[in-house]
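This report describes selected local features of a structural model. The sequence and structure are shown first.

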Amino acid sequence: MGLLEIAGLAKRFGAVPALVGLDLRVEAGEFLALLGGSGSGKSTLLRLIAGFEAPDAGSIRLGGQDLTAMPPHARPLNMMFQSYALFPHLSVGNNVGYGLRREGTPRAEREARVAEALAMVGMQELAGRMPHRLSGGQRQRVALARALVKRPKLLLLDEPLGALDANLRERTGFELRALQRRTGASFIMVTHDQQEALALADRVAVLEHGRLVQAGPPRAVYERPATRFVAGFLGAANVLEGAPDAAGGLDCPGLGSTLRAPASMPAGTTACALRPERIALGQPVGGANTASGVVEDLAFRGDDSLLLVRAAGGTLLRVSHAEEDGPPPAIGSTVTMGWEAAAVVPLAG
Amino acid sequence: MRRLQLLVPALWLAGFVALPLLVVLLLSIAQPGPGVPPFLLPFAWDGGLVLRPNWEPFGLLVADDYYVSAFLQSLWVAGGTAGLCLLLGFPMALGIARAKPHWRAPLLMAVLLPFWTGFLPRVGAWIGLLRDEGWVNGVLRGLGWIDAPLPLLYSDLALFLGMVHAYLPFAVLPLYASLSRLDLTLEEAASDLGATPATVFRTITLPLAAPGALAAFLLVFIPAAGEYVIPELLGPPEALLVGRALWQEFFQNRDWPVAAALAVALLAMLILPIRLFQRLEARR
């Protein structure tokens, strides 16, 4: 049995459905990333788990206990807010101690645990500061300490890195994962940033229009996207449309070639995903899994360049060209491309 | 251009605040005397400008229980009115701030609606309601609950009813301003950390609305301390407030210096809470 079990959860705001019969299971000690665009229902899911919204249908169970009808203050979980929501009239120490005070923890123990929580995020020196005198990164740490001080089994994080600048993001991400391992709590993180989700989580759950479209380890979801949406959202794969041919491949007129996966295409397949970094340039053209095209545009990205290549059949392909393979082809030049059968991922929807 | 922009309020303040204030200040240290106007200026031309202040009016204010009691009563009425307005205005402002967005403007409009009627008709309406042959006594008698009319008018009850009715909007507006700015995720964060709704209100909503509450209290307290019309028309005859004392000195005793001294003392009394408020504001 998982720590958190969500079954048939549904919520609509007026006429707009936010969640449609969602099932989700989170194991103890797991770091789950809820990934999706705006309006995918990921924030609504988090607010339903925290208890700030009531579901129209379905149930939420935590450690065997039914939370569905429980008010937020009675739920044994904590949340870190995207805006951090630090109480502006309380010092850092009193912000962190707020939850313990509500439990009636004795003063001495409370102070010790506040100090411990602040030390965990490296903020023990600033316990007496008021929140408005903290930097963005410091606020993020205080919010994290405040959410962890009650030692919840489940911590909800709403875009925890969203308000930080790029330099701080990577470091804080590593720290977040170290904290998760150290506390042994389950983390559910909502994010719209696929890099963040892939980098931090043990498991990624992709939401679209209030539905869970795919969940699995980051590598598996990245390499084997189930649908067009996941393929496009994670790493922006090329989605190639076509029709199955007699030999078990997918005939793609837009590509001017045929795609062939290691196994025959499942019946009814109409599209395949092909990652930009799996396409190799300068391969001999002819037969399946090869194509030729003209470079239309090129963007230097540091360790690689992204090429937009118009294939012979008219489809625009995104192709990644690694720096170590020498200078990329010039705009306007004709290139030949090839890829392994393992790079071709049939999509279900 | 910037200088010009500052010139307009500066001229306004000089002409309509500083100058009248100076006149009142000079009046308060003038010598009362017969004639029109009934005072002698506190300075004279005697080879040069010589100031001859008369401190008697201020001495009188401190020495005579009559004036001391007037100040204490004014303080009590203004403080009571401000307290009652806060007590009533807080739930009103909270209700408006938490109402659905399309309801907020009409509800605020309803709070301001009394301003559309004149001040005197509103006070007059209370007289009509509360007098012996008024509506309230009429209904109570019709129901058979009382035999003789209750002495509602010219009582402390009528006084505070009229005061609260007149000043309530001044309390609701600043309270609404501070409550509508309150970030609701703070309340969610508190409840997530285990605070019951009552505790959220006590530890988050109330402290964060405190500056608005203080502004509301002062916005009612300051004008209420000098109020003349409502106590005069609705209050008990023995109620002697600063406003009435001032009126009597000015129009009945024709002692302009004492009247001016009363006005100066009232102003001094009101500057204190204003300074306090500015201190608290600056600290935030």
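The model is predicted: local features require pLDDT of at least 70 and side-chain atom pairs pLDDT 80 or more, while totals for chains, interfaces and linings use all residues. Residues are numbered from 1 along each chain as its sequence is written, chains are lettered from A and ligands numbered from 1 in written order, and side-chain values use heavy atoms, without hydrogens and water.

**Strand pairing in chain A**

Strand S1 of chain A (residues 4–13) pairs in the antiparallel sense with strand S2 of chain A (residues 16–26) through seven bridges. Strands (E, at least two residues) and helices (H or I, at least four) are DSSP runs numbered from the N terminus, and two strands pair if DSSP finds at least two bridges between them. Within this pairing, A:Leu22 of S2(A) is the bridge partner of A:Leu9. Two residues lie between the strands of the S1(A) and S2(A) hairpin, where A:Gly14 adopts a positive phi near 65°.

S1(A) is also joined to strand S4 of chain A (residues 57–62), again antiparallel, by five bridges. Here A:Ile60 of S4(A) stands opposite A:Ile6.

| Residue | Phi | Loop in chain A | Relative accessibility |
|---|---|---|---|
| A:Asn289 | about 55° | between S16 (280–281) and S17 (290–300) | 7% |

**Chain B**

A nonpolar surface patch of about 620 Å² is formed by B:Met109, B:Leu113, B:Phe115, B:Trp116, B:Phe170 and B:Leu219. Patch residues have over 30% relative accessible area and no salt bridge; nonpolar side chains (Val, Leu, Ile, Met, Phe, Trp, Tyr) are joined within 5 Å and like charges within 9 Å. A salt bridge places a side-chain nitrogen of Lys or Arg within 4 Å of a carboxyl oxygen of Asp or Glu. Areas come from the Shrake-Rupley method with a 1.4 Å probe, and for residues only the protein chains shown count as cover.

B:Trp116 lies in the loop between helix H4 (101–112) and helix H5 (119–130) of chain B. B:Trp116 counts as exposed because its relative accessibility is 66%.

An unreviewed UniProt entry annotates residues 71–277 of chain B as "domain: ABC transmembrane type-1"; such annotations, given in the numbering used here with shortened feature names, may be inferred rather than shown by experiment. The span of residues 71–277 of chain B is 79% helix and 0% strand, with its end C-alpha atoms 21 Å apart.

Methods
Buried means under 20% relative accessible area, exposed over 50%, partly exposed in between (1.4 Å probe, protein chains only).
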